[in-house]
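This report describes the sheet, the helix packing and an aromatic pair of one structure. The sequence and the model are shown first.

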Amino acid sequence: MSVDDLPPSSASAVTPLGSSVIPIVNKLQDIFAQLGSQSTIALPQVAVVGSQSSGKSSVLEALVGRDFLPRGNDICTRRPLRLQLVQTKPSSDGGSDEEWGEFLHHDPVRRIYDFSEIRREIEAETNRVSGENKGVSDIPIGLKIFSPNVLDISLVDLPGITKVPVGDQPSDIEARIRTMILTYIKEPSCLILAVSPANTDLANSDALQIAGNADPDGHRTIGVITKLDIMDRGTDARNHLLGKTIPLRLGYVGVVNRSQEDILMNRSIKDALVAEEKFFRSRPVYSGLTDRLGVPQLAKKLNQVLVQHIKALLPSLKSRINNALFATAKEYESYGDITESRGGQGALLLSFITKYCEAYSSTLEGKSKEMSTSELSGGARILYIFQSVFVKSLEEVDPCEDLTADDIRTAIQNATGPRSALFVPDVPFEVLVRRQISRLLDPSLQCARFIFDELVKISHQCMMKELQRFPVLQKRMDEVIGNFLREGLEPSQAMIRDLIEMEMDYINTSHPNFIGGTKAVEQAMQTVKSSRIPHPVARPRDTVEPERTASSGSQIKTRSFLGRQANGIITDQAVPTAADAERPAPAGSTSWSGFSSIFRGSDGQAAAKNNLLNKPFSETTQEVYQNLSTIYLKEPPTILKSSETHSEQESVEIEITKLLLKSYYDIVRKNVEDLVPKAIMHFLVNYTKRELHNVFIEKLYRENLIEELLKEPDELAIKRKRTQETLRILQQANRTLDELPLEAESVERGYKIGSEAKHEELPGTRRSRTETNGNGRLHM
């Protein structure tokens, strides 16, 4: 809707949208220009693109109404020029209205009323950055022009697309310029003013070609066709202006620029605009296209399109600025405030220590505000190590898994010494059970180490983000708690060693849970009987020959008294009894039963022995030692082992020992499972939680260390300053956005060539109507 569409009574009461929206966007551009290349907020603007010598500069000067841009045969625009046209109120006394320019790089900003000086400043600033030999740079120049003869428009004049490098330009100058142009026009917030000369084929227009890359649907592109006055005779640009050649949703505007001769003759833009109007009136082919012809219509169209474009982008613009403001404020908060006083630094250090210790305790107790829901953390991990790692591992250990029956039997025999014991001795049980108890030491110490590692991880997790600004303090705190945890690990490990040694030093067989001897014997007998398998032995060692089975009562008593074999072997060379001595020898045999059980000689030897019986004792003895050969024993091996076969009694003894081992090991294991976690919690976990704050105060809270600990790195100070400036700019931009009207329905109309110009249309033409669709897009 335009002002013409409103009733006369309300038209004067409505504030034109262009006079309120565009200046505020210009103000935002000034605000974000302070950030330079760091700004990430893309503001609505119009980018002017075209090939070299396409007439871009002439179009811009015509929009301003003054000569202020560099001129020449070669490339003139070598840096982007951010041009803001600001409409001022005309003077009330009818005098001449002032026009001036302001460069944003001037500090302080000063007004320049001489537009020739503005041109020289643009050239000087371009040479300062890009060099004096045709170099190109993407660093923009900011210029604001204030005049009552302009409409509020924000433009960016980009370097013209060139093909051949000149001067200091690199060989890929065309690619670089195209890349520079695309960085501006690819933003959805940027409108594209594509300038193409009428004396070349529009299908080969560089401006339309690069605009099509960034805006393939043509929703953001306005076509400008220049040099209509120098087209070949018999040709015209009517089809181009109607969009029949290359359609654009926002349409085309045709203009007539000043010729090079006009510029050399210092022909004013005012006169050029009058000549342009005369040209279009004299060309019947352009009748009915008044709303698409002339610089005044171009200015009006740009103003209207830009206003509607801004209106469509306002919600997203506000959202982006608010998001950037929130993120920057959060970043600045992470850097913290600067505290230079000694008292303030001490309070800050004490605050860090207190917060850290509170976070450490909260994590251990499960009261942390940042509790994880995806995995165990803090104290829950410690409990898991105690229950699911330590206790479970001990319960899976069989105390007899590394003890064979031969090991137990050998230990029993070694414990009896040279005698045969009546019952199972205590010594082998104690030796074996101590060896099994000692196996509990390593996993217990390893459990303490696991808990130590978890506490170190927790200490790292509790380091606040605020400490990142003080790397020295963060490093020292990490060192202090690391040393403190190691100091707590040592007494916990010492206590664990003492617990295991206590269990090994005193084997308490009176424990109520110990299985006891009687019950162990009963169970062992049952186990042996149920699993006993007869061994096929040719000649058992504890049997005698048939003729010697009738042993006397004293010999039976002797074997019964021994109760068990001597080292598992019962000898056959027993002392002959009286019955054996009196037993008659077999026929033809003269052997002496006392020696016949030891010496198994030949028949001749037996006869010799028999003859000796009839001789006196002294003669007999001498003759025996002279006639009998000497018997040599085999030397025992270096390593002696018991026999491989077990008697029933030995099997019972082995089974009893196993039962006693398992019973007492279970008692000790349960004690260890209970006491080791208690020792770790007391000496390591709870001790560090209770004393950590005091240790930090003792080690770090010292007057001669505070300044060193709270020293920030230089790069952090730079980041804080830059973030603070960004925050200030975003806050200023946010306040500026609050000045935008919530709803506006009118747009600027008209164009003034000078102070005496009036808002008139060309005779015989109709006023243009601009319609918008639901999303703020324009239909021309």
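Helix axes are lines fitted to C-alpha atoms over the stretch in contact, and angles between N-to-C directions run from 0 to 180 degrees. The model is predicted.

## Packing of H12 on H15

Helix H12 (residues 379-395) packs against H15 at an angle of about 165 degrees, the two axes lying 10 Å apart. Angles over 145 degrees count as roughly antiparallel, and H12 is therefore roughly antiparallel to H15. The crossing of the two helices is right-handed.

On the H12 side, the contact is formed by Arg381, Ile382, Ile385, Phe386, Val389, Phe390 and Leu394. Their counterparts in H15 are Pro443, Ser444, Cys447, Phe450, Ile451, Glu454, Leu455 and Lys457. Sorted by class, the residues of this contact comprise eleven nonpolar, one polar and three charged.

## Packing of H11 on H15

Helix H15 (residues 441-461) also meets helix H11 (residues 342-365); the axes of H11 and H15 come within 9 Å and cross at roughly 130 degrees. This angle makes H11 oblique to H15. The crossing of H11 and H15 is again a right-handed one.

Tyr356, Tyr360, Thr363 and Leu364 of H11 are in contact with Leu455, Ile458 and Ser459 of H15. Five of the residues in this contact are nonpolar and two are polar, with no charged residue. Leu455 is listed in the contact with H11 and also in the contact with H12.

## The sheet

Eight strands make up an open sheet of mixed pairing, in the order E3-E4-E2-E5-E1-E6-E7-E8. Strand E3 (100-103) and strand E8 (252-254) are the edge strands; each has a single partner, so one side of each is left without a neighbour in the sheet. From one strand to the next, the twist averages 25 degrees.

Within the sheet, strand E2 (residues 81-87) pairs with strand E4 (residues 141-147) in the parallel sense, over seven bridges. Leu81 stands opposite Ile141 in E4. Helix H5 (residues 173-185) lies across E2 as well as strand E1 (45-50), strand E5 (153-157) and strand E6 (190-197), and runs at about 155 degrees to E1.

## An aromatic pair at strand E3

Seven aromatic pairs are found in the whole structure. In one of them, the ring centres of Trp100 and Tyr113 are 6.0 Å apart and the planes stand at 55 degrees, so the pair is tilted. Trp100 belongs to strand E3, whereas Tyr113 lies in the loop between E3 and helix H4 (115-130); the two residues are 13 residues apart and the pair links distant parts of the chain.

How values were computed: Residues are numbered from 1 along each chain as its sequence is written. This is a predicted model: local features need pLDDT of at least 70, side-chain atom pairs count only at pLDDT 80 or more; totals for chains, interfaces and linings use all residues. Side-chain values use heavy atoms; hydrogens and water are left out. Two strands pair if DSSP finds at least two bridges between them. Helices (H or I, at least four residues) and strands (E, at least two) are DSSP runs, numbered from the N terminus. Contact means heavy atoms within 4.5 Å. Angles under 35 degrees count as roughly parallel, over 145 as roughly antiparallel, 65 to 115 as roughly perpendicular and the rest as oblique. A crossing is left-handed if the near helix is turned anticlockwise from the far one by less than a right angle, and right-handed if clockwise. Ala, Val, Leu, Ile, Met, Phe, Trp, Tyr, Cys and Pro count as nonpolar, Asp, Glu, Lys and Arg as charged, and the others, Gly among them, as polar. Rings of Phe, Tyr and Trp (its six-membered ring) pair if their centres lie within 6.5 Å; planes under 30 degrees apart count as stacked, over 60 as edge-to-face and the rest as tilted.
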